[in-house]
Amino acid sequence: ILLTTDYDLAISDGDFVVDLSDLQHIELIIKTATGAWKQYPTLGVGVDKYSGSNGQTNTLRREINVNLKADGYINIDTRLLQNTDGEFIYYVDAKRNG
């Protein structure tokens with residue numbers, strides 16, 4: 001089930017939009033803070049807490065990789081850039097194990 005860019009359920013013709021959702025799932029893990037997932041309280045990176053912090057690129061990369069691995073992803077390739085506002089821009093490529 002897909003989400004809109006505002007993280008609402010995507011609905012078309014009165015029904016949920018169904019398609020591959022791994023990219024959205026990865027994005028949600030990265031954006032949400034630890035504890036945000038009731039069923040999985042240790043899942044979540046909380047990328048916003050790293051904004052404005054210098055020297056946190058390796059720490060953030062590790063957090064992303066650990067969380068994705070814990071959620072069943074493999075072959076994780078994480079690339080990070082920090083823009084002039086201190087926010088991290090990330091690109092993650094990962095495959096679902098199985």
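With which side chain does the side chain of Thr 32 make a polar contact? Keep that in mind as you start the tour; the model on your screen is a predicted one.

**Stop 1: Thr 32.** Select Thr 32, which sits in the loop between helix 1 and helix 2. Now show side chains: the partner is Trp 37, whose side chain makes a polar contact with that of Thr 32 at 2.9 Å. Next, click on Leu 28. Its backbone oxygen lies 2.7 Å from a polar atom of the Thr 32 side chain. Leaving out residues up to four places away in sequence, Thr 32 touches Trp 37, Gly 44, Val 45 and Gly 46.

**Stop 2: helix 2 from end to end.** Select residues 57–70, the 14 residues of helix 2.

Stop 3: Colour Leu 60, Ile 64, Asn 67 and Leu 68, which are buried. These four cover an arc of only 95° around the axis, which means they are on the same side of helix 2. Why can that happen? An α-helix has 3.6 residues a turn, so residues three or four places apart point the same way.

Then pick another colour for Asn 58, Arg 62, Lys 69 and Ala 70: they are exposed, on the other side of helix 2.

**Stop 4: the neighbours.** Show helix 1 (22–31), strand 3 (73–82) and strand 4 (88–96), against which the buried residues of helix 2 pack.

**Last stop: Gly 72.** Just after helix 2, select Gly 72, which takes a positive phi of about 95°.

Methods. Residues are numbered from 1 along each chain as its sequence is written. This is a predicted model: local features need pLDDT of at least 70, side-chain atom pairs count only at pLDDT 80 or more; totals for chains, interfaces and linings use all residues. Side-chain values use heavy atoms; hydrogens and water are left out. Helices (H or I, at least four residues) and strands (E, at least two) are DSSP runs, numbered from the N terminus. The expected span of a helix is 1.5 Å times one less than its number of residues. Buried means under 20% relative accessible area, exposed over 50%, partly exposed in between (1.4 Å probe, protein chains only). The arc is that of the directions from the helix axis to the C-beta atoms. Contact means heavy atoms within 4.5 Å. A polar contact is a pair of N or O atoms within 3.5 Å; within protein, one must be able to donate a hydrogen and the other to accept it, and residues adjacent in sequence count only if both atoms are side-chain atoms.
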